[in-house]
Amino acid sequence: MTTREVVLEIPARLDYLAVVRLVVATAASLDPPLSDSRLEDLRLAVSEACSNAVKAHAKEASPEPVTIRCHVGPESFIVEIIDHGPGFDPDELSVLPEVTDPERLDHEGGLGIPLIKVLADRASFRQHQNGMAVKMTFDRPSTSAT
Amino acid sequence: MDLEIDTYAHDDWWVVSVHGDVDIATAPRLREVVIGLVSDGHLDVVIDLGAVDFLDSTGLGAIVGALKRVRTHGGDLRLVCTNSRIRKVFELTGLDRVFVMADSIETAVG
């Protein structure tokens, strides 16, 4: 099987996220499909990355679309979310208090990037000329340890 | 999938029954419902996530905010979570250790 590509461009609007989840999960269902559990992980990780992208576009008032690029390969499913926002350093994000700390309840946000890192088999964050690209790899069942 | 939210009284508790996807687009509605309950003096709240198909970090944040809000006013918040996929999101973030999570409304309020 050769690598196939599925590319989706959406307006930077939150009400498109459900469509993105549907399209990406459908692309990842192509032979050989990810397991149901990994499809759910993929849906969540993609939604988190796209949420960040849409928020980034809002900060810059960018009229550009958010691009979702899926590489459907025999050994892995790779999805890249490309935005035109101000960018960020994933290693510079604030650390949340421990869940046993009462002050943890003061923080409603800050979970998106940690979730992406734990859900994908591999995740990378790079700044490009006009924004951010988040690349997530989900290994196919034959190559995944889980 | 859209979000539908119903509220009703159950014993001394108010149940927030959530159906659909709770994501960054819809979570503000959940937050508003809890704010409304607390404003009306209903401080002991159960959020029923049994019919939730998808929950993202913003949805989690709204639930964390709801817990803080009711506790600030002397109330309590418990969750009904029967969907293993939804429970996994709490587990991945460690928030399963913050919330009382039950398999039914009866158990949650018991």
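**Entry 1: Chain A as a whole**

What share of the contacts in chain A with a separation of 6 or more comes from residues 24 or more positions apart? I looked this up and found 64%; two residues are in contact if their C-beta atoms, placed from the backbone, lie within 7 Å.

A note to myself before going on: this is a predicted model, where local features need pLDDT of at least 70, side-chain atom pairs count only at pLDDT 80 or more, and totals for chains, interfaces and linings use all residues. Residues are numbered from 1 along each chain as its sequence is written, and chains are lettered from A and ligands numbered from 1 in the order in which they are written.

Next I listed the secondary structure of chain A, and it comes to three helices and five strands. Helices (H or I, at least four residues) and strands (E, at least two) are DSSP runs, numbered from the N terminus. Along the sequence I read β-α-α-β-β-α-β-β for chain A. The radius of gyration of chain A is 16 Å, close to the 15 Å from the globule rule for 146 residues, so chain A is as compact as a globular protein of that length. That radius is taken over C-alpha atoms, and the rule is 2.2 Å times the number of residues to the power 0.38. The C-alpha trace of chain A spans about 50 × 40 × 25 Å along its principal axes.

I also checked burial: 33% of the 146 residues of chain A count as buried. A residue is buried if 20 or more other C-beta atoms lie within 10 Å of its own, exposed if 12 or fewer, and partly exposed in between, with C-beta atoms placed from the backbone.

I started with α1(A), whose 12 residues should span 16 Å at 1.5 Å a residue; its end C-alpha atoms are 16 Å apart, which agrees. The expected span is 1.5 Å times one less than the number of residues in the helix.

Which residues of α1(A) are buried? I found A:Leu17, A:Val20, A:Arg21, A:Val24 and A:Ala28. They cover an arc of only 100° around the axis, which puts them on the same side of α1(A); the arc is that of the directions from the helix axis to the C-beta atoms. A handy reminder is that an α-helix has 3.6 residues a turn, so residues three or four places apart point the same way. On the other side of α1(A), I saw that A:Leu22 and A:Thr26 are exposed. The partners of the buried residues of α1(A) are β1 (4-10), α2, β2 (66-72), β3 (76-82) and β5 (131-139) of chain A.

Then I turned to α2(A): its 25 residues should span 36 Å at 1.5 Å a residue, and its end C-alpha atoms are 36 Å apart, which agrees. Of these 25 residues, 18 are buried, so α2(A) is largely enclosed by the rest of the structure.

**Entry 2: Chain B**

I counted four helices and five strands in chain B, and they run β-β-α-β-α-β-α-β-α from the N terminus on. A compact globule of 110 residues would have a radius of gyration near 13 Å; chain B has 12 Å, which agrees. Buried residues make up 46% of the 110 residues in chain B.

Is B:Gly41 buried or exposed? B:Gly41 is exposed, with 9 other C-beta atoms within 10 Å; I located it in the loop between α1 (27-39) and β3 of chain B.

**Entry 3: Where the chains meet**

The contact takes 20 residues from chain A and 24 residues from chain B. On the side of chain A that touches chain B, the largest share, six residues, comes from α2(A).

Of its 71 residues, A:Ala45, A:Cys50, B:Val45 and B:Ile47 touch the most other members. The largest share of this core, nine residues, comes from α2(A).

Notes
A nonpolar core is a set of buried Ala, Val, Leu, Ile, Met, Phe, Trp, Tyr and Cys residues joined through C-beta atoms within 7 Å.
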